[in-house]
Structures are given as C-alpha cells and as structure tokens.
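Please work through the exercises below with the sequence and the structure open beside you. Each task is followed by a solution that goes step by step.

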Amino acid sequence: MASSEVSHFHEIEPKEVLDLMPSGLFLLTAAFEGHDNWQFVQRGLNLDAGPPPTVLVVLSQRNRTTDLVEASGEFGLAVCSPIHAALVVASRGVSGHTTDDKFAQLGLQRLPAKHIGAPLVAGSFVNAECRVRETYVQGNRTIYVAEVLAAYHDPSTEAVVHYDKLIYRFMQDPAIG
C-alpha cells in the first residue's frame, strides 16, 4: 500500500475486526429431552449449496443452547427479521441456565419443525432445520458445520444484518455489483 493510502486507515484492536465485519443475525434454537432454548448468533454462514446444503455457526460453550445442541446433534437456525431486533436488546443478560422458558419470557413464538426436535421461530425471514455433521472447538467457542434438512422462507418480511454492534435492515439499496 502506498503511504498516502495508509494514512486513511487507523489501527484498531484485533478483536474489533469482528464488529466491523458485517454479518447476518440469526436465532438458533435447540431442544433435548423436553427442554428447549434459543440464542442469537452473529457468526453464521452458508458454506455450500450442496448437496447437501451446509451452514456453519459458532456458539459459546457457556450457553445453555450449546448444551442442547451437543446433546441432540441438531438445531433450528432462523434468519432474523426486523421484529427480532428488539429481542436482541431485551435478551441481553437472560440465560437459559436461569430461565425456565426463555421463549415465553421474551415473547418469542415457537413453530413446529418437521425433521428436528427444536422449534422454529415465528416472524423469521428464513427458518432452517439443521443436523450437525462436524464439530470443532476453538478456545471457548464451538464451531458447528451442519446439513440443512429443510428450509422455509417468508417473503413478506426481510433479513437484518449486524454491523458495528448495531442491527440494520438488509438490501435497502440497489445492488452495486
């Protein structure tokens, strides 16, 4: 990089790079032996259109939802819509370890799934039913690679993205490339 180009940049803490990388905002559900829970996930991505289609999610090992994914080997993955944005703020500090029904406490409506035990989420842009195929532990996070068994799209809503600790509506401008 030429020195004039470098002058436009300022150094940041390496951990800040994650906040400055736009990402989808997802809600992950899991269930096992009559217990279910959910959590927001900012680190998720589509890996391969398949067959089979696969996705990747990253979960903290401290979360109750992670315990349920580990036990069941499956999860629901919802692409959040604008109605879920307020839940992000409201859910901070709410733990499945100390709350009997996180869905009810925060007003999140369960929908039945066809292929997994975890519920799907009402109001989502997309809901996917996923089965874990590979697991990787990286520090205090677990990376799950999962096959998408079924997916459901609601074209009456839109996806949201997470960027710089805020939530934005997705695809509001015309494509530029």
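A residue is called buried when its relative accessible area is under 20%, exposed when that area is over 50%, and partly exposed in between. The model is a predicted one.

**Exercise 1.** Decide whether Ser-23 is buried or exposed, and find how far its C-alpha atom is from that of Tyr-163.

*Solution.* Begin by locating Ser-23, which lies in strand 1, residues 23–24. Its relative accessible area is 12%, and because buried means under 20%, Ser-23 is classed as buried. Then turn to Tyr-163, which is 140 residues away from Ser-23 along the chain, while the two C-alpha atoms are separated by 6.6 Å.

**Exercise 2.** Describe how strand 2 and strand 3 pair, and state which residue between them takes a positive phi.

*Solution.* Strand 2 (residues 26–32) pairs with strand 3 in the antiparallel sense, over seven bridges, and within strand 3 it is Val-41 that stands opposite Phe-26. The hairpin has two residues between the strands, and Glu-33 takes a positive phi near 45 degrees. As for cover, strand 3 (residues 35–41) has five of its seven residues buried.

Conventions. Residues are numbered from 1 along each chain as its sequence is written. This is a predicted model: local features need pLDDT of at least 70, side-chain atom pairs count only at pLDDT 80 or more; totals for chains, interfaces and linings use all residues. Side-chain values use heavy atoms; hydrogens and water are left out. Buried means under 20% relative accessible area, exposed over 50%, partly exposed in between (1.4 Å probe, protein chains only). Helices (H or I, at least four residues) and strands (E, at least two) are DSSP runs, numbered from the N terminus. Two strands pair if DSSP finds at least two bridges between them.
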